[in-house]
Amino acid sequence: MMRTKLILALLLPLNLCAQKIYVEEYSSRADISVYVTEYESRADLLVYKQEYASRATGNKGLWFFEEYASRADKTIFFEEYESRADLTIFFVDYSSRAGWKNTQKKHLLY
């Protein structure tokens, strides 16, 4: 029992920071539902799409979209209506602009 706790304690931090995302076709399969807003001011999280998985680290809005669900850390479903979404995002053009605007929802991507 103690050994299991030790292994989990060592591995857990590695999974908390990754932001490899897979887009699900069905909301029932997704970890969270996301709505993409047209206005930065209405977003909970500002997201920058990374070109390489190795750069998508930390829970700070740097996402890499995976081709396969098995490689992703989180699965998301893009909602059509904001009221149905767990998280509202806005895509930014520069990685330096990515980050949380509503830190109360930060737990959704851990």
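Strands β2 and β5 run parallel and are joined by three bridges, where two strands are taken to pair if DSSP finds at least two bridges between them. Helices (H or I, at least four residues) and strands (E, at least two) are DSSP runs, numbered from the N terminus. Within this pairing, isoleucine 32 has isoleucine 76 of β5 as its bridge partner, and valine 34 stands opposite phenylalanine 78 of β5. Strand β5 in turn pairs with β1 (residues 20–23), in parallel and through three bridges, with tyrosine 22 opposite threonine 75.

The model discussed here is predicted: local features need pLDDT of at least 70, side-chain atom pairs count only at pLDDT 80 or more, and totals for chains, interfaces and linings use all residues. Residues are numbered from 1 along each chain as its sequence is written, and side-chain values use heavy atoms, with hydrogens and water left out.

Taken as a whole, the protein contains one helix and seven strands, arranged along the sequence as α-β-β-β-β-β-β-β. Of its 110 residues, 38% count as buried, a term that means under 20% relative accessible area, with exposed meaning over 50% and partly exposed in between (1.4 Å probe, protein chains only). The accessible surface, computed by the Shrake-Rupley method with a 1.4 Å probe and, for residues, with only the protein chains shown as cover, comes to about 7,500 Å², and carbon and sulfur atoms contribute 50% of it. Among contacts (heavy atoms within 4.5 Å) with a separation of 6 or more, 77% are between residues 24 or more positions apart.

What, then, lies inside? Four of the five residues of β2 are buried, so this strand is largely enclosed by the rest of the structure. Strand β5 is mostly covered too, with four of its five residues buried. In soluble globular proteins, nonpolar side chains tend to be buried together. A nonpolar core is defined as a set of buried Ala, Val, Leu, Ile, Met, Phe, Trp, Tyr and Cys residues joined through side-chain atoms within 4.5 Å. The largest one here has 12 residues: Ile21, Ile32, Val34, Leu45, Val47, Trp63, Ile76, Leu87, Ile89, Trp100, Leu108 and Leu109. Strands β2, β3 and β6 each supply at least two residues of this core. A second, separate core has seven residues, including Ala43, Leu62, Phe90 and Ala98. Leucine 45, a member of the largest core, touches residues that include Trp63, Leu87, Ile89, Trp100 and Leu109, and also Phe90, leaving aside residues up to four places away in sequence.

The loop between β2 and β3 also deserves a look. Threonine 37 is placed in this loop and counts as buried at 6% relative accessibility. A polar atom of the threonine 37 side chain lies 3.4 Å from the backbone nitrogen of tyrosine 39. Beyond residues up to four places away in sequence, threonine 37 touches Arg42, Ala43, Thr88, Ile89 and Phe90.

The structure holds three salt bridges, each being a side-chain nitrogen of Lys or Arg within 4 Å of a carboxyl oxygen of Asp or Glu. In one of them, glutamate 40 meets arginine 97 with an N to O distance of 2.3 Å. This pair links distant parts of the chain, 57 residues apart: glutamate 40 is in the loop between β2 (32–36) and β3 (45–49), and arginine 97 in the loop between β6 (87–91) and β7 (99–100). Glutamate 40 is partly exposed at 28%, as is arginine 97 at 35%.

Glutamate 82 and arginine 42 form another salt bridge, at 3.0 Å from N to O. Glutamate 82 lies in the loop between β5 (74–78) and β6, and arginine 42 in the loop between β2 and β3, so the pair ties together parts 40 residues apart in sequence. Aspartate 44 and lysine 105 also meet in a salt bridge, at 3.2 Å from N to O. Aspartate 44 lies in the loop between β2 and β3 and lysine 105 in the segment after β7, so parts 61 residues apart in sequence are tied together. Aspartate 44 is buried at 9% relative accessibility, whereas lysine 105 is partly exposed at 25%.

Notes. Polar contact = N/O pair within 3.5 Å; in protein donor to acceptor, adjacent residues only side chain to side chain.
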